[in-house]
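Hello,

Here is the structure I said I would pass on. Please look through it first, then read the notes below.

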Amino acid sequence: MKFKLLILLSFLFLNGSFIKKEPLPQKPNIIIIYADDLGYGDVSAYEKGILQTPNMDKMAKNGIRFTNGHATSATCTPSRYGLLTGIYPWRKEGARVLPGDAPLLIDTSLVTIPKMLKKAGYQTGIVGKWHLGIGKGEIDWNKDLLLNPNDVGFDYSYIMAATTDRVPTVFIENRRVVGLEINDPLLVNYNKNFEGEPTALSNPELMTKQKWDHGHNMSMHNGIPRIGFQKGGKSALWHDEDMADIFLKQSLDFIHIHKNKPFFLYYGLHQPHVPRSPHPRFAGKSGLGVRGDVILEADWCVGEIMKKLEETGLDKNTLVILSSDNGPVLNDGYIDGAVEMNGQHTPSGGLRGGKYSLYEAGTRVPFIASWKGVIRPQVSDALVCQIDFLASFAQLTGQKNPSADSQNLLNVFLGKSKKGRKNLVLEASNRLAFKKGDWVLIPPHKGSSIAKEVNIELGNSLQYQLFNLKSDNAEQNNLAKVNPRKLEEMKEAMKQIVDNRYNFDAKELELK
Ligand code: NG6
Ligand code: CA
């Protein structure tokens, strides 16, 4: 009798029936809300700045807030490349800020998050900022656009090609520019203006809304000068102030249409990137100028998405992640009052540097995940990166991790474990830094230490820089000289990963 009971008990144990485990719902929906240049201190849940973001805070309060969450890079295109492919963008030639007419950067043979989820039966959609290139050379914007998000796994796309400050200033739905009229074709060129077309230099009086500070002196549209030249397509040109409402509506529609099937939505917010053009509902509301206003607008968008999920009950079956593609910048090329109006606000949350920088504020960004009933409210100091979504979603949907760079941190993202990455390579305009444990190593890079126009420290120095983030979160004390053993250990560990890309014996390091 005893023997039988023993067998029964061991059977139950082996079966796991004694350990009461809540199974994860099958194929939850996944939404990534990806802000553009939102800083670590821009979200009030981080308790650093003075701007209030109630909706993002609510998400953090009900979910998990990561204090050590990173984009792979300090600029947009490479971070987006890393997020979608799970591959370090510095491995990919040409993964840097792209013009609006650049070819598709993602190889169509690669497994991407949407492609992988599609295989698991998901409906996949992208709304908002793309900035990963279209086509494979010269683009005819008036025809079907081949090689776009729809060719790397998205069933549906409603995007802007690059950035709000780059032409073409139009929306693209799947393969077509929205609202184009046949008799007024849209032409785009990044080298040469079209004859007779006004620019910010030839017609400065057209800059009725914003003036350029550096760069941004080419085509004029909606009272704002842009990067690159365009002509025609008048009926399709966007109205910047309506962009938030349009992207939000597309996102809500996507959720609504697919509410009964598993879906993946990548919602690329355009805020608070320049040019900052809040809808009049938000203009002047933050007291911190247009940068604050568009962050309030973005916060409202986040709130509307969460509201929709709550109202439909989808919140119990949807993992929502909010993060940013790189750190903050105030003057990114327009005279918009962002610097003057910033007051006591600290977009970088006390971290050193900002957008474009190898210091922490370049890539350490707001990073929040929520999933009602599954993620218990908490704060996590685990080191996590957007590059890890691929492997983690592979785990979530029972698939194989296709990328060696991407780590399965599903349990960390769901708050069931605090064991994040052991290390992480960071990138800023093709310069690398390396994070391991409490330490960060920035190898010597040539170039000026500060980008004067944007007033941000880039992290360049001809000396090795070594910081202990635990005792020195603001990276003020370079310990490279006083801790040569740690320096060597970090160099060795970094070499193991970046391997043949750097010549570590050279005085100044450059990617090969
Ligand atoms: C820079 C632009 C900057 C911004 C950035 C890309 C100038 C002088 N500066 O080249 O305004 O557009 O590219 O930002 O043109 S990102 O967030 O998309 O990476
Ligand atoms: Ca960005």
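**Ligand 1 and the calcium site**

Around ligand 1 there are 20 residues (a residue counts if one of its heavy atoms lies within 4 Å), and the closest are Cys76, Asp165, Arg166, Asp332 and Lys355. This is a predicted model, in which local features need pLDDT of at least 70 and side-chain atom pairs count only at pLDDT 80 or more, while totals for chains, interfaces and linings use all residues. Residues are numbered from 1 along each chain as its sequence is written, chains are lettered from A and ligands numbered from 1 in the order written, and side-chain values use heavy atoms, without hydrogens or water.

Arg166 places a polar side-chain atom 2.7 Å from an oxygen atom of ligand 1. For Asp332, a backbone N or O atom lies 2.8 Å from an oxygen atom of the ligand. Taken alone, ligand 1 exposes 460 Å² (Shrake-Rupley method, 1.4 Å probe), and the protein buries 85% of that.

Ligand 2 is a calcium ion, coordinated by Asp36, Asp37, Asp325 and Asn326 at 2.2 to 2.7 Å. Donors here are N, O and S atoms within 2.8 Å of the metal, or 3.2 Å for Na, K and Ca; water is not among the atoms, so sites may look incomplete. Asp36 and Asp325 are 289 residues apart and link distant parts of the chain.

Regards

Conventions: Helix = DSSP H or I, 4+ residues; strand = E, 2+ residues; numbered from the N terminus. Polar contact = N/O pair within 3.5 Å; in protein donor to acceptor, adjacent residues only side chain to side chain.
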